[in-house]
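Look at the model below.

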Amino acid sequence: MPPNAPLNAPSSRLRDPVKTPPAIAKPQWLVSVRDLVEATRAVEFDVDILDLKEPDRGALAPVGVQIWQQLARQTACWSTAGKDAPMLSAALGESDQAVGLADQVPPQFAFAKAGPSGCNKPDQIRGMWEAVEKRIPDPVELVAVAYADHRSADCLPAEAILDLAARHGFRRILLDTFEKNGRSSIDLMTAQRLSNFGRQAYRRQLWWSLAGSITLGHVSGIAELIPPPEFRPNCFAVRGAVCDGDRTGTLSPDKMRQWMRVLGECAGDVQP
Ligand SMILES: O=C[C@H](O)COP(=O)(O)O
């Protein structure tokens with residue numbers, strides 16, 4: 001187990017819908033989808049988390065509330081049909097938009113993410129988290145978001161957000177890029193910073209997900225990039241690399257199949 005316990009105990013709102021593993025044999029896989037059609041395609045490929053997001057409108061743009069509701073109904077059908085229904089996650093947008101939408105997230109969703117852009121002081125980001133937490137339905141867990149290109153997003157650096165998130169009682173953090181211009185989180189952070197981010201997450205008992213123009217090459221090369229297994233991401237989150245064309249295209253079954261295979265091959269990397 002990581003040596004340092006979180007400074008604040010998690011609030012009841014942050015209880016896990018599933019237990020957070022201290023170490024995982026196989027990284028989880030999040031795929032961002034824009035609607036029910038893409039979601040239905042993605043479930044064929046053993047996705048762990050379906051993330052509802054409109055890729056035409058930036059990093060964390062929300063889809064319409066009616067699409068959240070469709071997915072909430074569909075997940076019940078998947079479960080009753082005996083399928084392993086993925087957990088649902090809602091992108092709420094950035095700061096004020098996230099606060100405004102938080103109370104409309106269906107309670108069937110496991111997670112919601114609020115972007116920190118414009119929050120360049122600790123008090124601002126804490127205030128935004130608190131405002132979202134006040135409105136979000138109780139079973140939905142708010143996930144902290146940090147951007148590798150934090151200057152473009154006018155927010156605090158990723159390491160500072162991780163520290164604040166741990167103190168606030170978050171259980172999970174997503175590292176993504178604000179700009180979707182093809183520069184990956186790995187290019188922006190460099191291997192050293194990324195590895196330190198992973199170490200910091202492990203020590204603070206934060207599950208972390210790596211997103212931001214991540215490619216299959218990044219996934220298969222993660223052991224060289226972050227040698228200690230326990231510092232590696234608990235989850236890889238992807239959109240662009242599993243689409244035909246760029247991230248505004250549609251999900252490619254061939255690419256989804258390749259990702260499923262490569263992620264399956266990561267199994268056994270981490271000893272519990
Ligand atoms: O949450 C994950 C993002 O949607 C990743 O998108 P991307 O792979 O196009 O950067």
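β4 (111–115), β6 (172–176) and β7 (207–210) each give at least two residues to the lining of the largest cavity. Strands here (E, at least two residues) and helices (H or I, at least four) are DSSP runs, numbered from the N terminus. A cavity is a set of points on a 1 Å grid over the protein atoms alone where a 1.4 Å probe fits but cannot get out; lining residues have an atom within 4 Å of a point. The lining includes Phe111, Lys113, Arg172, Leu174, Trp207 and Ser209. By class it holds 6 nonpolar, 2 polar and 2 charged residues. The volume is about 70 Å³, taken as the space filled by probe spheres set on the points, which are joined across faces, edges and corners.

This is a predicted model: local features need pLDDT of at least 70, side-chain atom pairs need 80 or more, and totals for chains, interfaces and linings use all residues. Residues are numbered from 1 along each chain as its sequence is written, and side-chain values use heavy atoms, without hydrogens and water.

The chain has 10 helices and 8 strands. Of its 272 residues, 53% are buried, meaning under 20% relative accessible area with a 1.4 Å probe, protein chains only.

Now take aspartate 35. It sits in the loop between β1 (28–33) and α1 (36–42). At 23% relative accessibility, aspartate 35 is partly exposed, the class between buried and exposed (over 50%). Leaving out residues up to four places away in sequence, it touches Leu52, Ile67 and Leu71, with heavy atoms within 4.5 Å.

Methods:
On a 1 Å grid over the protein atoms alone, a cavity is a set of points where a 1.4 Å probe fits but cannot get out, and a pocket is an open set with protein on both sides within 12 Å along at least five of seven lines; lining residues have an atom within 4 Å of a point. Ala, Val, Leu, Ile, Met, Phe, Trp, Tyr, Cys and Pro count as nonpolar, Asp, Glu, Lys and Arg as charged, and the others, Gly among them, as polar.
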